[in-house]
Amino acid sequence: MRKALFVAAAAAALMLAGCSAPGTPTGEAAGGQPHTPTATPTPTPTVHVMSVDEAGKDYLATVCPANKAQAANNAAFTAQDLASIKSTAATARDAYRTEAAAFTKAEALWPPVVSAADMKLITDSDFAIIATYGAIATAGSLDSANAISNGFVDNGAGAAAQRIRLVLNLPADTSAGC
């Protein structure tokens, strides 16, 4: 009798714990109703407003690879070496893509001293120059590469970058700090 009560109590405990009764097909709750799993909520990413010091370090870490790649491409154009122009253009294209991705991430916010309009100018320029460097990287001739390069129009991003450097207490020299 004691054993029967123990078995009955154990079975009742299992049923109360949400376990299905023996013989219940997978995917059905006890009682034959379909089991609907509950969705796990996705955590909302936390947003961090950077200090001026943090923003300055982040800005340099973001722009320095693109600035270096652009300098290498400029040197290749000065030498008028098509193979070098194309390879440095591909590197610059990828560096500017990385820069644009970093500047558009939502998890970190720039401090209020950094103008959102200036950041937009820079990212818009990044996206435009990605296409330009991509075209240069696949140019079929030196004349074609030169024509593509000469067709790039500055949208004001250079001035915006200098305004950002000023408010972040960074040097005006785009190679400084890199």
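**Notebook: helices, cores and salt bridges**

I started with two helices: the axes of α4 (residues 116–137) and α5 (residues 142–150) come within 9 Å and cross at roughly 170°. That makes α4 roughly antiparallel to α5. I noted the cut-offs: angles under 35 degrees are roughly parallel, over 145 roughly antiparallel, 65 to 115 roughly perpendicular, and the rest oblique. The axes are lines fitted to C-alpha atoms, for helices over the stretch in contact, with angles from 0 to 180 degrees between N-to-C directions. Helices (H or I, at least four residues) and strands (E, at least two) are DSSP runs, numbered from the N terminus.

A reminder to myself: this is a predicted model, where local features need pLDDT of at least 70 and side-chain atom pairs count only at pLDDT 80 or more, while totals for chains, interfaces and linings use all residues. Residues are numbered from 1 along each chain as its sequence is written, and side-chain values use heavy atoms, with hydrogens and water left out.

**Where α4 touches α5**

Which residues meet here? I found Thr132, Ala135 and Ile136 on the α4 side, and Ala145, Ile148 and Ser149 on the α5 side. Contact means heavy atoms within 4.5 Å. Sorted by class, this contact has 4 nonpolar, 2 polar and no charged residues. For the classes, Ala, Val, Leu, Ile, Met, Phe, Trp, Tyr, Cys and Pro are nonpolar, Asp, Glu, Lys and Arg are charged, and the others, Gly among them, are polar.

**The cores**

Next I looked up the largest nonpolar core, which has 18 residues. Such a core is a set of buried Ala, Val, Leu, Ile, Met, Phe, Trp, Tyr and Cys residues joined through side-chain atoms within 4.5 Å. Buried means under 20% relative accessible area, exposed over 50%, and partly exposed in between (1.4 Å probe, protein chains only). The residues with the most contacts inside the core are Tyr59, Phe103, Trp110, Ile122, Ile164 and Leu168. Two or more residues each come from α2 (52–79), α4 and α6 (157–167). The largest share, 5 residues, belongs to α2.

I then checked Leu168: not counting residues up to four places away in sequence, Leu168 touches Val52, Ala55, Gly56, Tyr59, Trp110, Pro111 and Val114. There is also a second, separate core of 17 residues, and Phe77, Ala92, Ile136 and Ala137 are among its members.

**Salt bridges**

How many salt bridges does the structure hold? I got 4. Each needs a side-chain nitrogen of Lys or Arg within 4 Å of a carboxyl oxygen of Asp or Glu.

One of them joins Arg163 and Asp118 (2.6 Å, N to O). Arg163 lies in α6 and Asp118 in α4, so the pair ties together parts that are 45 residues apart in sequence. Leaving aside neighbours within four places in sequence, Asp118 is in contact with Ala160, Arg163 and Ile164.

Another pairs Lys120 with Asp124 (2.8 Å, N to O). Both lie in α4, 4 residues apart, about one turn of the helix. Lys120 is partly exposed at 48%, and Asp124 is partly exposed at 34%.

I also wrote down the bridge between Arg93 and Asp94 (3.0 Å, N to O). Arg93 is partly exposed at 26%, and Asp94 is partly exposed at 40%.
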